[in-house]
Amino acid sequence: TISSPNLIVNSDFAINQRGKTSYSTANSYTYDRWFLASAKSVTRQVNTCPDSSAQYMLNISVKNNSANSFCQPMENFSDRFVGKTVTVSFYVKAATSGSLICGFGNNRHTFQATTSWQKVMFTIPSVSAWPSGTWYINGFYLKKPQGETSGAIGNYSITGVQVVYGKYRGLFTARYPSIVLRR
């Protein structure tokens, strides 16, 4: 019996041990286990997505001429995920419609984010990893397409992030806080 199939830690952004309301230092951790690689800032807010049961959402502020990567690196990525099937899902809403890339390791899914909440879900039949020098994207990540300078996407919000083994079409399930806080 699987009590919580979600492999993302702090997937509903409920844990904030660092205690800040907003984070803007690149290449640093923000809300527990979430890493701000190159986006401008990230702020936690009460979730407004009507279809997600997550308590909070994150608003990611982007900057021009940057990949604006925001991610959750996952330990022992190659041992845990390479060659396995996973399903990635989350809800997203953009201030201005535009392209975003969601990835899990060296597997990318490009989609059009809109100004309304939408669920993004895709299955990766055989996960592959990035080289060790790009450790921070061996896990779940979101970013703008490289070289996009128009800033078309503006800020965007995410909630209900989930990565599970296999093909999964179920509802969002956050990991229990006791599991998150043990790490």
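Trainee: Where do I begin? How many helices and strands are there in the protein chain?

Mentor: Begin with an inventory, and keep in mind that this model is predicted. The protein chain has 12 strands and 2 helices. Their order from the N terminus is β-β-β-β-β-β-α-β-β-β-β-β-β-α.

Trainee: Which strands form an open sheet, and in what order?

Mentor: To read a sheet, follow each strand to its partner. Here 6 strands make an open sheet in the order E1-E4-E5-E12-E7-E10, with antiparallel pairing. At the edges are strand E1 (22-23) and E10, each of which pairs on one side only. Inside that order, E5 and E12 run antiparallel and are joined by 3 bridges. You can find one of the residue partners yourself: Ile60 has Tyr156 in E12 as its bridge partner.

Trainee: And what do E8 and E9 form?

Mentor: A hairpin, with 3 residues between the two strands. Strand E8 covers residues 98-104 and strand E9 residues 108-113, and they pair in the antiparallel sense over 6 bridges. Across the pairing, Cys102 stands opposite His109 in E9. Look at the turn as well: Gly105 has a positive phi of about 65° there.

Trainee: What share of the residues of the protein chain count as buried?

Mentor: Of its 183 residues, 52% count as buried. The general idea is that in soluble globular proteins, nonpolar side chains tend to be buried together. In this model the largest nonpolar core has 37 residues. Those with the most contacts inside that core are Val88, Phe90, Phe104, Phe111, Phe140, Tyr156 and Ile158.

Trainee: Which elements each supply at least two residues of this core?

Mentor: They are strand E5 (56-61), H1, E7, E8, E9, strand E10 (118-124), E11 and strand E12 (156-165). E7 gives the most to this core, with 5 residues. There is also a second, separate core of 5 residues, which includes Phe35, Cys71, Ile137 and Tyr141.

Trainee: You mentioned Phe104. Which residues does Phe104 touch?

Mentor: Leaving out residues up to four places away in sequence, its contacts include Met74, Phe77, Phe81, Val88, Ile124, Phe140 and Val163. Phe104 counts as buried because its relative accessibility is 0%.

Trainee: How many aromatic pairs does the structure hold?

Mentor: It holds 11 aromatic pairs. For any pair, check the distance between ring centres and the angle between planes. The rings of Phe81 and Phe104 have centres 5.1 Å apart and planes at 85°, so this pair is edge-to-face. Phe81 is in helix H1 (residues 77-81) and Phe104 in strand E8, so the pair ties together parts 23 residues apart in sequence. Phe81 counts as buried too, because its relative accessibility is 0%.

Now try another pair. The rings of Phe90 and Phe140 have centres 5.6 Å apart and planes at 80°, so they are also edge-to-face. Phe90 lies in strand E7 (residues 86-94) and Phe140 in strand E11 (residues 139-143), so this pair ties together parts 50 residues apart in sequence. Phe90 and Phe140 both belong to one aromatic cluster, together with Phe13, Trp34, Phe70 and Phe111.

Trainee: What lies over the face of Tyr56?

Mentor: Arg44 does, at 4.0 Å from the ring centre.

Trainee: How many disulfides does the structure hold?

Mentor: The structure holds 0 disulfides. Cysteines can still be read for burial: Cys71 counts as buried because its relative accessibility is 0%, and Cys102 is buried at 0% as well.

Trainee: Let me try a loop residue. Is Gly154 buried or exposed?

Mentor: Gly154 is found in the loop between E11 and E12. At 16% relative accessibility, Gly154 counts as buried, because the cut-off is under 20%.

Methods:
Residues numbered from 1 in each chain as written. Predicted model: local features only at pLDDT ≥ 70, side-chain atom pairs only at ≥ 80, totals over all residues. Heavy atoms only, no water. Pairing = 2+ DSSP bridges. Helix = DSSP H or I, 4+ residues; strand = E, 2+ residues; numbered from the N terminus. Phe/Tyr/Trp six-rings, centres within 6.5 Å; stacked < 30°, edge-to-face > 60°. Buried < 20%, exposed > 50% of the residue type's maximum accessible area, 1.4 Å probe, protein only. Lys NZ or Arg CZ within 6 Å of the ring centre and 35° of its normal. Disulfide = S-S within 2.5 Å. Core = buried A, V, L, I, M, F, W, Y, C linked by side-chain atoms within 4.5 Å. Contact = heavy atoms within 4.5 Å.
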